[in-house]
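Please look over the sequence and the model below before reading on. The text then goes from the whole chain to a few selected residues.

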Amino acid sequence: MPNSNSIPEISVVMITMNEEGAVALVVEEIKKFSPEAEILIVDSSKDKTAEIASSLGVRVIKQFPPRGYGRAMELALRSAAGKVIVTLDCDNTYPAEIIPELAKEVLVNHQDLVDASRLKSKPQTMPWINYLANAGFALIASLLFLRRLTDLHSGMRAYRKSMIEELKFDASGPALPVDLLLIPIKLGYKVGNRFIEYRERVGQSTMQPLPSAWWTLKRILRTRFTSGDGSERVNS
C-alpha cells in the first residue's frame, strides 16, 4: 500500500460496472508489478465489485446511479493523487506489467501522455468490425492532425497529473478517450506511443457501437476545427 502521508508516484485508475468476475485478478496483477501505486476505482456496479476491490485495499469512489463512462473517468482522473495517472480497463485486457514502463516515460522521459495502442496490427481478440472502425477513425484523425495515430480509444494510457489539472474536456457522452488524446496533441503537449498486446476480456462489454462511433467523429472534428486559442485548457 502507498504511504498515506506522501504523494504516490503512480495512480492506477479504473472505471467499473459489474466487474466482480475480473476485479480481483486485475488488482492483484497491478499490485504485482506496481506495488507502491495507488489503485483507485470509480464504481457504478450493482454486483460485488466495490466490496471485492475495497477488501483488496483499493480506494473506491461510488458513482451510483451511473452517470456514464465519461463522467466516471473524469472523476477518477481528477481524484487520483499520483504524479502520473495510468488508466486501465477492469476486464483483464490490458497488460499491467507495462505500467512501470508507461509511468517512466512520464516521470523520467518527460512525456505528458503515453498512449498504449492496441493496434500495431489487428488483435486476435478484437472483432473485425471493431478493428476496422478503430483503424478508420485513427486514419481520419491522423490526416487531420498531421501525425500518425493508431488507437483513439485505448483504455490504457499514462497521463501527467499536472497536465490533467490544466485540461478542459467534455465528459458527457461516449468516447471520452478521443478528447483525452487529441486535445493534448492540439495544445502542444508531449504525447508518446507504445504498442501493447490486447488480451481476451473477462466479462461482457457494455460499449454501445453506434453512439460511440457518432461521438468519436464528433470529438475528432470538434477538437480539430474549434478555436486553437487554448480554450480547452483551464485558465491558471
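At 7% relative accessibility, isoleucine 39 counts as buried, because buried means under 20% relative accessible area. The model in which this value was computed is a predicted one. Isoleucine 39 is part of strand E2, which runs over residues 38-43. Apart from residues up to four places away in sequence, isoleucine 39 touches Val12, Met14, Val27, Ile30, Lys31, Val58 and Arg59. Alanine 53 is 14 residues from isoleucine 39 in sequence, and their C-alpha atoms are 9.4 Å apart in space.

The whole protein can now be set around this residue. The protein has 8 helices and 7 strands. Of its 236 residues, 50% count as buried. A compact globule with 236 residues would have a radius of gyration near 18 Å, so the 17 Å of the protein agrees with that expectation. Along the principal axes, the C-alpha trace spans about 45 × 40 × 35 Å. If contacts are taken between residues at least 6 apart in sequence, 77% of them join residues at least 24 apart.

The surface and the charges can be described briefly. The protein carries 30 positive and 27 negative charges, and the mean positions of the two sets are 5 Å apart.

Next comes serine 11, in strand E1, which covers residues 10-16. Is serine 11 buried or exposed? Serine 11 has a relative accessible area of 0%, so this residue is buried. A polar atom of the serine 11 side chain lies 2.7 Å from the backbone nitrogen of glycine 82. Glycine 82 is also one of the residues in contact with serine 11 when neighbours within four places in sequence are left aside; the others are Glu38, Ala80, Ala81, Val84, Ile85 and Val86.

Phenylalanine 64 and proline 65 are joined by a cis peptide bond, with omega about 5°. Proline 65 sits in the loop between strand E3 (59-62) and helix H3 (69-79).

Which residues have a positive phi although they are not glycines? Asparagine 92 is one of them, with a phi of about 70°. Asparagine 92 is in the loop between strand E4 (84-87) and H4, and counts as buried because its relative accessibility is 16%. Alanine 175 also has a positive phi of about 70° without being a glycine. The loop of alanine 175 lies between helix H6 (161-166) and helix H7 (176-187). With a relative accessible area of 8%, alanine 175 is buried.

Which residues does aspartate 112 contact, leaving aside its neighbours within four places in sequence? They are Ala158, Tyr159, Arg160, Met163, Tyr189 and Lys190. Proline 184 is 72 residues from aspartate 112 in sequence, while the distance between their C-alpha atoms is 8.4 Å.

Conventions. Residues are numbered from 1 along each chain as its sequence is written. This is a predicted model: local features need pLDDT of at least 70, side-chain atom pairs count only at pLDDT 80 or more; totals for chains, interfaces and linings use all residues. Side-chain values use heavy atoms; hydrogens and water are left out. Helices (H or I, at least four residues) and strands (E, at least two) are DSSP runs, numbered from the N terminus. The radius of gyration is taken over C-alpha atoms; the globule rule is 2.2 Å times the number of residues to the power 0.38. Buried means under 20% relative accessible area, exposed over 50%, partly exposed in between (1.4 Å probe, protein chains only). Contact means heavy atoms within 4.5 Å. Lys and Arg count as positive and Asp and Glu as negative; His and the chain ends are not counted. The place of a charge is taken as NZ of Lys, CZ of Arg, CG of Asp or CD of Glu. A polar contact is a pair of N or O atoms within 3.5 Å; within protein, one must be able to donate a hydrogen and the other to accept it, and residues adjacent in sequence count only if both atoms are side-chain atoms.
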